[in-house]
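Take a look at the chain below.

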Amino acid sequence: MNNKRIYQISVALLCSYFSITAAFAATVITIDLRNNIFEPSIITISENTKIKLIIVNHGASPEEFDSFDLNREKVIFANSSAILFIGPLPKGTYHFFGEYHPETAIGKVIVTNCETMRIESSEEIAKC
């Protein structure tokens with residue numbers, strides 16, 4: 001093989017690598033679980049965005065993140081964390097809850113076509 005051919009193959013491999021990396025890139029969002037409550041309980045994201053959701057359980061007992069809307073469930077053991085990937089999602093509202101504490105561990109992912117800015121953990125304002 002000559003140097004030109006090796007160079008072409010190297011460039012093609014690098015382009016493939018960076019294309020795959022960009023395709024799998026995800027926005028990271030962390031949710032803390034304290035006293036059987038998700039914080040923040042409302043997450044607002046742009047439509048067609050892939051999310052890496054890190055759920056940190058600060059409690060002494062396990063909890064199961066469950067969402068029929070997102071088609072996800074994951075047990076998060078006491079004092080540990082779990083990672084879930086969601087999306088890209090179309091515009092809409094997707095509910096989630098803690099299966100072991102469904103009355104307090106509740107939340108939702110709001111997917112919008114607007115840019116959003118977080119004001120407080122439970123309150124957000126949209127800028128269109």
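Aspartate 66 is buried yet lacks a salt bridge. Buried means under 20% relative accessible area, with over 50% called exposed and anything in between partly exposed (1.4 Å probe, protein chains only). A salt bridge needs a side-chain nitrogen of Lys or Arg within 4 Å of a carboxyl oxygen of Asp or Glu. For aspartate 66, the nearest side chain of opposite charge belongs to arginine 72, and it is 10 Å away. Lys and Arg count as positive here, Asp and Glu as negative; His and the chain ends are not counted.

This is a predicted model: local features need pLDDT of at least 70, side-chain atom pairs count only at pLDDT 80 or more, and totals for chains, interfaces and linings use all residues. Residues are numbered from 1 along each chain as its sequence is written, and side-chain values use heavy atoms, with hydrogens and water left out.

What does aspartate 66 touch, not counting residues up to four places away in sequence? The list is Arg72, Glu73, Phe96, Phe97 and Glu99. Contact means heavy atoms within 4.5 Å.

Aspartate 66 is found in strand S5. Serine 67 has its place in S5 too, which covers residues 63–67. Strands (E, at least two residues) and helices (H or I, at least four) are DSSP runs, numbered from the N terminus. Serine 67 counts as buried because its relative accessibility is 2%. A polar atom of its side chain lies 2.9 Å from the backbone nitrogen of leucine 70. The backbone oxygen of histidine 95 lies 2.6 Å from a polar atom of the serine 67 side chain. Leaving aside neighbours within four places in sequence, serine 67 is in contact with Arg72, His95 and Phe96.

Now to a sheet. Four strands form an open sheet in the order S2-S1-S4-S7, with mixed pairing. Strands S2 (37–39) and S7 (80–86) stand at the edges with a single partner strand each, so one side of each has no neighbour in the sheet. Neighbouring strands are turned by 25° against each other on average, direction ignored. Two strands pair if DSSP finds at least two bridges between them. Strand S4 (residues 51–57) pairs with S7 in the antiparallel sense over seven bridges. Leucine 53 has leucine 84 in S7 as its bridge partner.

Finally, the whole chain. It holds one helix and eleven strands. Of the 128 residues, 29% are buried. Among contacts between residues at least 6 apart in sequence, 55% join residues at least 24 apart.

Key
Axes are lines fitted to C-alpha atoms, for helices over the stretch in contact, and angles run from 0 to 180 degrees between N-to-C directions. A polar contact is a pair of N or O atoms within 3.5 Å; within protein, one must be able to donate a hydrogen and the other to accept it, and residues adjacent in sequence count only if both atoms are side-chain atoms.
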